[in-house]
Amino acid sequence: LQKANCIANANNIRVGLSLFVPLPPTASNTSFALEGCKDAGTLISNLKVGQLVSGVITVEGTATVDGFAFYKIEIRPDSNQMYTLYNSYIKPVVNGALGDIDTSIFPPGIYWVKLTVITQNNQSTPSCAVPLLFSQ
């Protein structure tokens with residue numbers, strides 16, 4: 001960040017300072033784009049690909065289908081393919097707050113936030129996952 005933003009002294013980075021976050025090297029196998037997010041009943045609406053986030057963030061969107069049982073929010077670091085359950089909820093949501101994530105419990109880096117809706121017959125709908133940059 002220091003080099004990409006021509007900052008002489010990294011100790012002079014202050015809250016509120018706008019920074020350019022460079023893309024990772026092209027040798028990375030990661031594609032930074034939404035995964036899924038095609039189903040209107042399983043959608044994260046307020047988080048954008050590559051968005052820099054910190055502290056407690058609210059995930060907004062829609063989580064509802066016929067035969068709704070619950071939805072879950074999962075998180076994984078970009079370096080891992082396995083998601084970890086962050087929280088689950090038993091009430092459907094339409095264009096509203098799905099849940100909060102405390103990014104401060106994670107080391108800085110790229111994380112994928114995934115929303116999945118589960119039906120009463122234990123089937124999951126196509127999920128919606130967004131890559132974000134967690135910072136401190």
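Trainee: How many bridges join β5 to strand β6 (residues 84-89)?

Mentor: A strand is a DSSP run of E with at least two residues, numbered from the N terminus. Two strands pair if DSSP finds at least two bridges between them. Here, five bridges join β5 to β6, and the two run antiparallel. β5 and β6 form a hairpin, with six residues between them.

Trainee: What should I know about the model and its numbering?

Mentor: This is a predicted model, where local features need pLDDT of at least 70 and side-chain atom pairs count only at pLDDT 80 or more, while totals for chains, interfaces and linings use all residues. Residues are numbered from 1 along each chain as its sequence is written, and side-chain values use heavy atoms, leaving out hydrogens and water.

Trainee: How many helices and strands does the protein have?

Mentor: The protein has zero helices and nine strands. Along the sequence the pattern reads β-β-β-β-β-β-β-β-β.

Trainee: What is the strand order in the open sheet of three strands?

Mentor: The order is β2-β4-β7, with antiparallel pairing. β2 (42-44) and β7 (93-102) stand at the edges with a single partner strand each, so one side of each has no neighbour in the sheet. From one strand to the next, the twist averages 30°. Such angles run from 0 to 180 degrees, between N-to-C directions of lines fitted to C-alpha atoms. β2 pairs with β4 (residues 56-63) over three antiparallel bridges. L43 has T62 in β4 as its bridge partner.

Trainee: Which residues have the most contacts inside the largest nonpolar core?

Mentor: Buried means under 20% relative accessible area; exposed means over 50%; partly exposed lies in between (1.4 Å probe, protein chains only). A nonpolar core joins buried Ala, Val, Leu, Ile, Met, Phe, Trp, Tyr and Cys residues through side-chain atoms within 4.5 Å. The largest one here has 23 residues, and I44, V59, Y71, L98, I101, V113 and L132 have the most contacts inside it. β4, β5 (68-77), β7, β8 (109-119) and β9 (128-134) each supply at least two of its residues. Over the protein, buried residues make up 33% of the 136.

Trainee: What is I44 in contact with, beyond its neighbours within four places in sequence?

Mentor: Contact means heavy atoms within 4.5 Å. I44 is in contact with V59, E60, G61, V113, L115, C128 and V130. Across the protein, take the contacts with a separation of 6 or more: residues 24 or more positions apart account for 60% of them.

Trainee: Is T119 buried or exposed?

Mentor: T119 counts as buried, at 13% relative accessibility. T119 is found in β8, opposite F68. β5 and β8 pair over nine antiparallel bridges. Residues up to four places away aside, T119 touches V65, D66, G67, A69 and T125. The T119 side chain also makes a polar contact with the N121 side chain, at 2.4 Å.

Trainee: What is a polar contact?

Mentor: A pair of N or O atoms within 3.5 Å; within protein, one must be able to donate a hydrogen and the other to accept it, and residues adjacent in sequence count only if both atoms are side-chain atoms.

Trainee: Where does C37 lie?

Mentor: C37 lies in the loop between β1 (35-36) and β2. C37 has a positive phi of about 60°, although it is not a glycine. C37 is buried, at 15% relative accessible area.

Trainee: And where is N122?

Mentor: N122 sits in the loop between β8 and β9. Phi of N122 is also positive, near 65°. N122 counts as exposed, at 61% relative accessibility.

Methods
Helices (H or I, at least four residues) and strands (E, at least two) are DSSP runs, numbered from the N terminus.
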